[in-house]
Amino acid sequence: MTITESTKTPVLLFPLKIETRFVGDELWLRIFPDEAFLQSHEPNLSEQELEDRNAYKAASDKFEAWELLVDRYGAYRAAYLVQVKDAFIAQNDVAQAEAEQTFFYKGLPEKFHVYLYPKDGKRIEVIKNAVENAEHLVAFGDGDEWVEDFEQAIDEGMAFKITKRDLNLDNTEDFPTVFERIIVTGFYYRHSGNRQTNDLKSAEGLQELFENHLYTEGISFLDYGTPTNNIDNDRSGYSIKDEFETAENYKVLVEGNALTDGTPGGILAKGLGIDNKVLQHFKGTEKAASKFPQLFQKLTWMALGGQSLQMIFGDSIPKETHQKLWQYYTEHVHARGKFATLKIDDQPYGILPVTTIGEIQDKISINTPIRDAVLSAGDAEDVTVDVAISNTYLILSILFQRWMKLLADGLYVPSLADNLDGNSLDLELYRVLSMQPSSGSHHFDVQRYEKLRGKIEDWIQEQLGISEDLGKLSIGEAYEKINHLLASNDSKKRQYANILNLVKELKSLLEDIPLESRGDALAYAPIFSLKNTGEQLTSEDLFQLEAEDIAALRAAFEQVKVDAQQYKRTGGYRTNDGIEVQTTWINYRRPATLVSDLLLRSYANTMSLYQDDEAALPSAMTNFANDALQMLNAWDAIESETERTKLVQSSIAEVLDVNSYRLDAWISSIANSRLEALRANKPKGIYFGAYAWVEDLEKDTEKIVDARNLTDENREDEGGFIHCPTPAQSLVGTLFKNAYLSSEDQADASNPFTLNLTSDRIQQSEQFMQGIRQDQEIEALLGYKLERYLHEAGLNSAIYELREAFPLEVNIINRTDNNPDIGFKSLSVINGLAFIDRQNDPLLRRTLNGTYTRIIDDLKLRQKLEDILDSSLDHLFFEAGFQLTQGNLSQSAAAMDAAKGALEPPATDALKTKIPGVGLSHKLVYLFPLPGPEDTISINNAKAFISPYVEIWLQEQLGDLSNIACTVQFFDEDTLVETKEVSLDQLNIGYSDLLYMSEHELSDGTSELEVRIVQATAFDAEQFTANIMADPPEGKQSLVQAVEVLRYAKQLLSKSRYVKTTDLALGGEEIAPNWTALKLIHDNLRSLYRQTTTRIDTPDAHKQALAQLQLTEAKRAYLSDSAIDIAALNQEIKTMLPTVEGQLLQFMESFQEQDAEAFYPAFEQLQKAAQAFFGKDFILLPPTAISEKIVKAVGSNQQQRLIGDANMIGAQERIQTWMQEIAQVREGAATFEEWQMLHSIWQEDTNTAFQILQNPTSDNYPWIGLSKTEINTLLESAYYEGITAFQELEAGQYYPDGGESIVLFRNTEDELKANTAQFGIVMEEFDEHVPYEKMDTGLSFHYNAPNNEAPQALLLAVPPPFAPNSWNEKLLADIIQDTMDLMKIRMIDLDAIQVDAYNRGMMGVPILNHLLPMANWFNIPTIN
Amino acid sequence: MSYYFKLLKQLREQQQGAKLDYTPQFLLRGSTRNANNTDALAMRIADPLWMLGRQWQFGEFIGEDNGSPIQANVQYRKEQVANYSTNGSPLTLDSTPLEARVEAVNIEPLDLKSKVRIGQQYERLIKAAFPTPTAKAWINNLRADLPLTHEKWEAHDFTNANRQDEKSYRFFKLMHGKVLDGNSLLNALADDYPKPVDSIHDYSALQVVSTKFKQWYENLYVKQPEDNPAWKPKQLVHEFHLHTPNDDAILSAPDYQSGHLDWYSFDTAKVTLNPSDRLEQTTDLQPVNVSFAGMPDKRLFSFEDSKIDLSMMDVKKGDLLKMMLLDFSLVSGSDWYTIPLEMQLGELCWIDNIEVKDVFGVTTTIRNSAKTGSILANGNPMKVWDMFKVRNHNPSGYDPRQHFLFLAPTAMHRLESAPVEELLFLRDEYANMVWAIEQRVPNAMGNPMDAYDLHLELYGPFLPPDDIQARRDLPKFRLANTVPSNWIPYLPNHIDGSNKEIALCRAYMLRNEAANEPTDIAPLSYLATEDLEKIYEEAIPKAGVRIQLTKQRMRWTDGNTYVWMGRKVAVGKGEGNSGLQFDYLKD
């Protein structure tokens, strides 16, 4: 079949992957589209999507609405929802239930052509049936049978059986076993049945493909140099989290970017001939690259390639040709390629314009001297483009062939292909990795030095009149000779000092290196090897471009513009003195740098072209100067100095590269220029298709597939399988086994990856490591074990002998040669480690004498001890590997350090069976009752005034204080003098005061509470002893017991943390903190502050009030009923009040801003203020905002749904049981339980209630604290009739992963009110895990799979200069084949050529000119 | 000054000063080789031909006579452990987690908090079941019948002599008379308390409450099967076995000690079944390449996720791990595949073979053998390559019967209390005995405390009899000095019927104080008091032993919660010296 599409339009080829297998007398081949074809875009919307999309459309704040969409769908799907049109929705019944995402390939070629290149044979083309489902070939899911089933794949057009008939072989001929290359091509037809599709329709198809990617995983342009892997100091340029970044995605995916000719998107849109519309939404599409590299390349041409041409061809090339080549070079020769790299999903794809120059190659001989070829090329009849360009093609064709010949002849380019040419894999890997895409260091060409050396030697001979032929001497000998000659002549010595230095340098460069390695040494010798200053110089010194250099260059080129004007005006350039000067002269007043040298040399060389053309010269000067100034501006425009340095260095290196060894860039320039030409004629439209290649396919004659039953029985033993409890362990096991097998050729004992982790060794090692963790010494632990073995064997006498021979040395760390006696020898146990280590010590045999054989050989006790060490090392080594693969680097390092003995062994985790399950979390929260309107608390009850909820809570617990009382007996010696009854209401203190007083023992009468009680009796107690009785007065509650209740209440408060607003959020709601309530606390504290400041003027009048504060003196005076020591009080106040004031002021600053994040820090400022008043143990709680959702959940009958009622599950009783279980193991719950026990006996009829709130199924799903049986009971019960929300959980799943329950405890029947402040504590919080009954274990196996991959490039095929009018598959195959060659040429570098040249003994310059497109030599001292 | 300029200057001087009749020409040339190849591992985006060239160098374009695996079927045999035994006949495993079943300790609820908890629970159930007046009447009767007691404190005898720790004492006083005694209640209910004595009260309704209550109590703690405990106190180990239904595979854990029970707690497996019999087969599993987070994709230029960065790893030891990862990532990784194989907890699984089908339909059968299963070398355990096998570490040969995986029904995630009790055993060579130091013990409420503090609180500081010596200027003969009262002695005794084997028997130190008759110092812990009266000598190695009692809570596969008190045995802190001396003179 012939393709009829015009070659006026290029073809974009997407990559494929192919796999091959020889089966019988056939070659089977499979084609797999690469990820660039893979799609999962679903144009239809789910009902939820439609709803969300409409909400976005209606939203006034689009960005906010966008954030919600991204949060739910990710940025790419959100982008689709945003752009999908009403009309599309109206035309299509898009809303549908959520469907499983399907993956499919889109835009595949209609059929594939396979080109086979048998060894030494001709190309054979095979075409098979059409690709079925080319628009929608399922990759995963229903319809993907072709992926597994080969025959089905053939039916789909995605596989081939290549038979003898296909190869035109008869039955007697053998099927080839080696194919040098296999190429697959395919061409996409937009409309089946209509072959005459046009390029605009096809472009639409391409755009659709891009769009689909855009809405599934996005497409980005990548910056040059973006890492795809993470390394030490740099991270990969991609993260999954990018998808959820909102701001940048909004800018790119929703708004789109403007594209211009200089932006990656603009350049690609032009190259592909498609609209900007899609490309506007590619990330990075708008980033215009700096103009510096391009202008630098342009401006330095005449110092580099252009100068070389001049040197080779002299006047043979006219000025116009130079101009043409210059323009061509500037526009089409790109070190980095023409287009930026695209990222689709997680794959980067370079976009490479390609063509074939096979036709040109056919016309010339590889051995034609370039000069001859060029000079005769003007006669080439078929060349239809400009002669200069044709000549360029010609030169490049010759060089292309020569380089390919070099490769074929064994030019060494490192590669990890199977054939390593005798090199080890490690070395080859090192060589491969050491290659860089552009030159990073620079040096002088050694051949120049050889010539220089010869010249210098001649000159020295002449100057010094030496008759001896220095050329026969080594340079070292020559140096010595000259030095000797000059030694006696000081004047000559001075005169020739420079020469001597130079020879010395050359000596060090050339002579000190053995001849055989000189090539390498010189090749890697940096330019700085000529340095004579002793400084360490870096590459920056060569490429340095400082601000002063820029300024000097700017001044110089500004002057050029002025000069040009003057030249134009005056018809020649003269100085003010009227002296005519050379036009190549430029006034640059700075020490030269490489950059300035190149620029100025280039300027000089350029102007020399126009020297005889006075009319053109001023324009040439101006143009050059303008470009130079633009380049300098571009340098200025780069803000970051690091970036600037990087860009300048890479630009210079790349310019030098394209003028030296980057033949590939020149050959690619042919495709670039052809593409430019095509687009000039036909700016829009593109065809597209697909391609694939492999090479060096060889039949595996050892493992032949049995064609009858399709079995391969020959490789079962390659690595076997490993079965581990979890996939993560199987992964680590695999790594170790792989490493073990890789090192299998080593002697057994030295294979470091020999792991023996059977159960008894793990027990043994775990016990040993436990001992070390308990600070026991390894030597002693092994010694204990050894002694146990000896004891069990009845060899007790050997124990004591071995203790003497191998004593444990204690405290020897500080022992030195000077202090050898530090520490001592302990004979308490054998030093087990010494026993192992000193196995060859004759002492051992001597010590054991007759029992040596029994202990060492028969009982193998040394081996047993070694085994303990070995099992521990294996254990730790596996642990380190496991933690490493889990990303826990510090744990991994800890395990390795422990293996080295540097740290104590960490708790190990890697060998445990980790049963997966559902993670749940629980909180036990206590919300306190709020003061009612009747609960007015006076500021005189200071603690309660600041913390009223604690006061009210205590009040409800204790009841009326007048009911709590005690009897106080007063004794005179042993005689009872008086008995008084005191109730707590007589003490003039609040419940909160009691709380804090309860901590002190009621025993010796000194605690504040006791003093107050005695004081309250109003009995003159000074001369008597007071005794507070434990039993309460008749009809009263016991004070002693009340104090006990308070102690437990205090313990509960102090062991809990305060409730935060987020603790109670349901369904991810964001509840604004209650700043108003917080401000109220502040206001109260402020009032107290004011009161206090006024009261200190007359402290004795306010003793009682001041005694409530943390003012010892006031308290003392109050309790002893004495006068206040004003000075002492003032001293205390001086400490207290500024702290309060400071915290209150800081709070107000936060309050003004009301930033939600600052809420709790602001509260803590108030807490500090309150604690300054009342002491460090004063408990202040922040207000907690309560949402409508919580109020509704608590107030509804949800509880029954969650935990059933008294008849079913048990409701309150069930939660109580749950709490009791927790209290067994958690301190917080245990404290609560104790408080609850006390509280319930103090107030037996208190109505207390637990309530459950939970996330994420806050309304209808049973409580996650219940068992599955209980949940089933509830689900099946009448409570759930008609309620379907719980069906969100998958069948068989009882607990939502990440489920969170909040067990709310409130001993009040008051309703919760939304938007009121609540106060509470979190008494307990913990996570738990409900394991699954079944789990996936990890089974890994070794299977030698093919390693080939799809090429990482989209090829933009353009027709060659001699192309037919229509595209055909063969032409595509030619282009692909040329690309395969070109790819290899790209990997040839100067080092490879030089090594090769030296290896072949080709020392002369011509070989390089013979091989290189250009050479950037230059005559350094040309600047005057 | 740039070096370039220095070079120019130098050459110009040569040219001008020395009148060098030669203008040297230089070819400035780059080198693309960089000895520091770390950056190359970043696989940076470059020009398209460079990226293709790299793929070529790394062998990504080599054609192979091979196909990617697309399907794998595993031939396997599975057996579920169904029975559990200690030394007696096997019992059926119920739904209780294995660890709870093995470790659970039965301790009577004698501490005050447990008594109150149980008592209050019963009262709560009564309140829920009866109208308030009836409930109050029942509760009052019960409190009178079963008043809260403590062994030291009789109902109304709160004299100092009988005080235990202060906090517990206060708690007791507060509770006394206001709750019935939980332990007494349990004992009474076992005797069908309360027996109906009249027709006025609804005894049957109370029976319902009692039934519910018993259920609650049963659920609260996992109990040790009393007739078949796994704990061997003389050896300080748990010993138990798991059996398949036909006893054709028995896993034995003869010396399980630590607080985590897993597959490696079993030392030996006695397997008599043929693992190649009765094979089952998985259907069409899809193999995927073995890879780890942060591992470079086998495809050279695939993007890694920047969030996971293994390059930050700083692990050395000859950089073996790095070498291992590098080798795997760059060279061999694409040849290892993994498939998930579902197993039930408590199952043993033998893999016979894996049939791997490639994309051409060609099947390869992968088996383990002596070469690829356990890799043995000379019977030396240090030269065996193997993992996750329940067996002796020194196999004599490759035995397919030993090649099973046991998926232990183990408790990875559980809540564990701080130790309720902790005993540290150490050998005292000087005193030629073993000490058990009580480090944590519960007070009367049941809350753990520092044992030394509690001893001190209960008995006060030791008052040496020296104080009553009349003459202080003469040396005094002492029968023995003292050790802290939380050090419990264990003395060696011959085991009955054996002249050689020795057991350590718990003994008492004497409290020989001024003005008091000498008394035994009783241990405060359950472990020392009841559990560990006699221990085989070899169970206390010189490294010492630490034994703890902790409470543990976990949720199991059925969603139920299991709470149990378990022992944990771990290595101690080595030898110690109490300073105990006998028959000495004191200045």
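Me: Which residues of α30(A) meet α36(A) in this predicted model?
Reply: The model is predicted. On the α36(A) side, the contact includes A:D867, A:I868, A:L869 and A:D870, among others. The residues of α30(A) that meet them are A:R761, A:I762, A:Q764, A:S765, A:E766, A:F768 and A:M769.

Me: How many nonpolar, polar and charged residues does the contact of α30(A) with α36(A) have?
Reply: Members of this contact include A:I762 and A:F768 in α30(A), and A:D874 and A:H875 in α36(A). By class, the contact has six nonpolar, five polar and five charged residues.

Me: Are α30(A) and α36(A) roughly parallel or roughly perpendicular to each other?
Reply: Helix α30 of chain A spans residues 759-773, and helix α36 of chain A spans residues 861-885. Their axes come within 8 Å and cross at roughly 90 degrees. Angles of 65 to 115 degrees count as roughly perpendicular. The two helices are therefore roughly perpendicular.

Me: Is α31(A) roughly parallel or roughly antiparallel to α32(A)?
Reply: Helix α31 covers residues 778-792 of chain A, and helix α32 covers residues 796-805 of chain A. Their axes are 7 Å apart, and the packing angle is about 150 degrees. Angles over 145 degrees count as roughly antiparallel. That makes α31(A) and α32(A) roughly antiparallel.

Me: Which residues of α32(A) make the contact with α31(A)?
Reply: From α31(A) come A:L786, A:E787, A:L790 and A:H791. By class, the contact divides into five nonpolar, two polar and two charged residues. The α32(A) residues are A:N796, A:A798, A:I799, A:L802 and A:R803.

Me: What area is buried between chain A and chain B?
Reply: Here 269 residues of chain A are in contact with 217 residues of chain B. Carbon and sulfur atoms give 58% of the buried area. A:F721, A:Q1224 and A:F1341 supply 4% of what chain A buries against chain B, more than any other three residues. The area buried between the two chains is about 23100 Å².

Me: How many salt bridges are counted between chain A and chain B?
Reply: B:R299 forms a salt bridge with A:E1349. Their closest N and O atoms are 4.0 Å apart. Across the interface there are also 92 residue pairs in polar contact. The salt bridge count is 15.

Me: Which helix gives the most to the side of chain A that touches chain B?
Reply: By class, that side has 118 nonpolar, 78 polar and 73 charged residues. The helix that gives the most spans residues 727-742 and gives 13 residues. It is helix α29 of chain A.

Key: Residues are numbered from 1 along each chain as its sequence is written. Chains are lettered from A and ligands numbered from 1 in the order in which they are written. This is a predicted model: local features need pLDDT of at least 70, side-chain atom pairs count only at pLDDT 80 or more; totals for chains, interfaces and linings use all residues. Side-chain values use heavy atoms; hydrogens and water are left out. Axes are lines fitted to C-alpha atoms, for helices over the stretch in contact, and angles run from 0 to 180 degrees between N-to-C directions. Helices (H or I, at least four residues) and strands (E, at least two) are DSSP runs, numbered from the N terminus. Angles under 35 degrees count as roughly parallel, over 145 as roughly antiparallel, 65 to 115 as roughly perpendicular and the rest as oblique. Contact means heavy atoms within 4.5 Å. Ala, Val, Leu, Ile, Met, Phe, Trp, Tyr, Cys and Pro count as nonpolar, Asp, Glu, Lys and Arg as charged, and the others, Gly among them, as polar. Buried area is the accessible area (1.4 Å probe) that two parts lose on being put together, summed over both. A salt bridge is a side-chain nitrogen of Lys or Arg within 4 Å of a carboxyl oxygen of Asp or Glu. A polar contact is a pair of N or O atoms within 3.5 Å; within protein, one must be able to donate a hydrogen and the other to accept it, and residues adjacent in sequence count only if both atoms are side-chain atoms.
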